Amino acid sequence: MQIAAAAGMNRWSWGSAGNGSKSERSGPYRGRLMMLLWIILSSSLCLMVDGQMKLSPETVQNWAVSFSKEIAALSSRYSGAQLLQKKYKDVEAMVKIEEVDGEELVKKFAEEMEEMLGRKMKSVKRLAEAAEDADLYHEYNETLKFEYFNSMLINMVDEDGNPLSLGGDFALEKNEHFNKLPVNTQLSNIQVPTNVYNRDTDIVNGAYMSEALNDVFIDNFQKDPTLTWQYFGSATGFFRLYPGIQWIPDENGVVTFDCRNRNWYIQAATSPKDVVIVVDVSGSMKGLRLTIAKHTINTILDTLGENDFVNIIAVMTYVRYVEPCFKGTLVQADLDNREHFKLLIDGLHVKGEGKVKIAMKESFKILNEVSALGQGSLCNQAIMLITDGAMEDFQDVFKEFNWPERRVRVFTYLIGREMTFAENVKWIACNNKGYYTHVSTLADVQENVMEYLHVLSRPMVINHDHDIIWTEAYMDIVLFNTQAQSLLLMTSVAMPVFSKKKETLSHGILLGVVGTDVALRELMRLAPRYKLGVHGYAYLITNNGYILSHPDLRPLYKEGKTLKPKPNYNSVDLAEVEWEDTEEKLRTAMVKGETGTLSLDVRTSVDKGRRVMFLKNDYFYTIINETPFSLGIVLTRGYGEYIFIGNVSVEEGLHDLMAPDLTIASEWTYCETDIDPSHRKLSQLQAVVRYLTGKEPDLECDVQLLQQTLFDAVVTAPMEAYWTALMLNTSGMEDGVETAFLGTRSGLMRFQRYAGVEKRIGKSFLTSTDKENMFTLDHFPVWYRRASEYPAGQFLYYMPRQETRAGRIVIATTAVTVTVGKKTAIAGAIGVQMTLAVFESKFWAIAAQPNDTDCSNTDGICPLRCDSFDIACYAIDNNGFVLISKQPNDAGRFFGEVDGSVMTTLIRMGMFKRVSLFDYQAMCKMNLHSVSSARPLLSPFYGLASALKWFLSNFLLFLLEFNICGFWHTEHFADAKASVSTSSAHKKRGEILQPCDTEYPSFVYEPSVKETNSIIKCGRCQKMFVVQQIPESNLLLLVVQADCDCSRQYPPLTLEPKEVKYNASVKCDRMRSQKIRRRPESCHAYHSQENANDCGGASFIYLSASLFLVCLSFSALVS
């Protein structure tokens, strides 16, 4: 009746709007009809308000109770949860529950990590000693001919089928230990960057001398089979790597890898440093000079690390800080700040007259003030002057700020081919313990910039201080272009190698750096998951507070279908991951190297951030001696406080362990299979079985974990027979019930497939690709973690986030516990995976009153049916996600997106609570407002002009980079091309996504509110709804009046993250702020025996007069 009245009104309104003249002729009759219609409509609205319980709460409650019984029976039957709980109950008398001692645990883990990392340091020391001895007894030979194995040329032949020079046969075999890459474990080989001549005399002598390292590489690997890559990076540019590999160039045939650019090389070669880069951007620096200057700055920035501090000043008529926010200070040279500077440098333009003297004064003031305030590195200080000429007199500046101590080194880079001011620019460097270089082409930049590192290393070399350094976390996407290897996070330990020859002592000659890599996943295996509980975890940070390893570290993002490292992946601060530590007490204590404990109430998310959990975490932390790292572990109050220990015989446990339905966590270390090469192809389960049967008694295994695994195998063994019996009873099987599964805290899993793979909708569930639902190094399965925070014995239901091609699935899961005395520990979780269709069928069969229902005592619609067109029924979970709806596309969506009016009302009534979560590792689209869209509308000649300009500029670069070496070695040009294209690609990526901070909501049901109902007023109609908790579950049943559209008054509620925007002042404060950090213990900034007269010289390249004139002409045309 109400609907008919409303529809009639709509028709009347539409008709009157279109027939105004007819309406006017109707007169009084028309008016009376209008009045009658309004009376009918008003009475119907009164009926709706007075009959508020048009939707009967009692009926909805009955539905909820019936549905609860149906799904509980279904889940319990096909999972066997009651049987498993009984089996663990039966053995409670045989087990003991112990409280986990977090302080003792973190201390034990740290000692084991210290021992492991100590073995790596010993290997590196042996390499350094061998390299220095080899150099001491090697006599430099300018005519030396030596055929070394060049990793680019091995196993390559020419057109006639003959091996290439510096190539030859080099046996390669895939090796499990080295990520299945083809390697040669008997020999190392050498990589030479494309821009370095591979037969250069220095290269040949260095390659010959370093052959002595082969035996040490092999010996190290035999003493410590867990070693990965070992290497020697030479100061001349070549890189000796063990085991030897085939080096694969990029798509342009170029190898851009230069070991001297790697962080491990730079940190080992120099002490921490404060650097002010002064770049001349006066009018004379236009065109190619400015391009070279920018490339020089970027190359200098690439040589800085998180222990260094930097700022950049542009010189014109006045002093201009490239980043005004950094005025008068230095900022940490972490990846974030370096990339920020690079973007700013890219936008520099020439202007006015260069006042270098003023900029030099400003630079000295910055360095003095930073040092006086105890900020910066408190070690080396340097000014990098990049200019095409310095005509001013600087003596008074140096007398005021730097002489006679010469505490600040000044390095000068003369840009361009003009040599008029070369002597003055060289004088500046030589009188301030620096180094002068002449950079005339883009190809000169790399080698010339590296010179400053050798100068800064002199005091350390003369003292023979072999400081061992550890790098921050990094991915070697340059060294390895295979996906598996390149996206592994690792740290490197490295040590400098010096010349011990007496005649070169005062020159402080650095021969290079030796090092080895440590995969951080291997390090974290020493903090086993089973000892930390379902929500517990371990993490590592550096002396700067940056994350080395943390389960919530997300270093990758997707660009299209490709996974790539985020620009700031290795400068994620602990405070950005453990963001509940608002006062940064945890971070401060760990960075200072303290040992202690802290408790925090935290909001954490599961299911890829969609669902929130509230936990009480206890943090335990300590330092790892002989490293800059600190280790922390987290134990969660409740189940995380206890661990239970059961015991069975090996014979009994082994029998059940070999059941076909059983697996163990492949990423956990039950037995160490990486020590003996013959064990590397064994799975963890195979290794455990071989160890327990005595076939491999030498395997190193975790006895406590094996004991727990055997116990769990015995207790859970009856589940195999239970599940099999159900499956064989085909007449009693429900269609759509696909998989029963269980998992225990020892990483053991059992599962039974009730449906064949061709019939299964959840085809990927519990497969090797389904990491979210498996035990991994970082976490327990999602269904296990969620069940542990819900009362044991009650099922929790949810839909996994991922979609399958054939449809959607529902997971029902519950926890299984063991209780001894007053202590309760979680033994595992058990559940069943079914199709959404079988779940829905139970619901629709209940949610409809028969047509012959006795409605005499019912207040409201009767019979009430969810299949009525004016009624909408939903089953949603405790986080507000829809499981059941008449609209198939609603399943899996957040209910606020489906019906914003009802969800908003539920939040207001306190039935749901909004929880804010933060992501400080997000990636957001850049604002492209600066990109003009008008250009494509211009004349077609614009495109032609742009193409011509591109051709001329690139041809000019070709001419100016042409030299004799490049003539014979054409890969020189490819390197230049690669550097330009890389920069272009980088810029293009930056325009798409950039790191940002986001806030996103999550919603959680308040269980104290069991039921509610209300009316929502939406303009001319009202919407009634009833909500009822479905007993013994995490689900809610909603019945909503569907004939009232409230979307105008109540927009949808979404879970979309919103970028946290900071105003200019706050953003500047955040960028300038310097968090507490622990400086490296050693500093080598001065030595009295240093030969400061070795301060560089001019490098001339001769061009023909005609070519020079052509270059000048093109330069004028391009600029």
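**Strand pairing, sheet packing and nonpolar cores**

Thr998 has Glu1059 in strand 41 as its bridge partner. The model is predicted, with local features requiring pLDDT of at least 70 and side-chain atom pairs counting only at pLDDT 80 or more, while totals for chains, interfaces and linings use all residues. Residues are numbered from 1 along each chain as its sequence is written, and side-chain values use heavy atoms, without hydrogens and water.

Thr998 and Glu1059 bring us to strand 37, which runs antiparallel to strand 41 (residues 1058-1059) and is joined to it by two bridges. Two strands are taken as paired if DSSP finds at least two bridges between them; strands (E, at least two residues) and helices (H or I, at least four) are DSSP runs numbered from the N terminus. Strand 37 (residues 993-1005) is also joined to strand 36 (residues 912-925), again antiparallel, by 12 bridges. Here Leu917 finds its bridge partner in Tyr1000 of strand 37.

Strand 34 (residues 871-877) meets strand 35 through two bridges, and Ala875 is partnered with Ile884 of strand 35.

Contact means heavy atoms within 4.5 Å; axes are lines fitted to C-alpha atoms, for helices over the stretch in contact, and angles run from 0 to 180 degrees between N-to-C directions.

Turning to the interior, a nonpolar core is a set of buried Ala, Val, Leu, Ile, Met, Phe, Trp, Tyr and Cys residues joined through side-chain atoms within 4.5 Å, where buried means under 20% relative accessible area (1.4 Å probe, protein chains only). The largest such core has 105 residues, of which Trp264, Tyr539 and Leu631 touch the most other members. Helix 5 (residues 102-136) gives the most to this core, with 13 residues. Leaving aside residues up to four places away in sequence, Tyr539 touches several residues, among them Met524, His550, Leu574, Tyr619 and Leu631. A second, separate core of 98 residues includes Val715, Met733, Tyr754 and Ala815.

Methods
Buried < 20%, exposed > 50% of the residue type's maximum accessible area, 1.4 Å probe, protein only.
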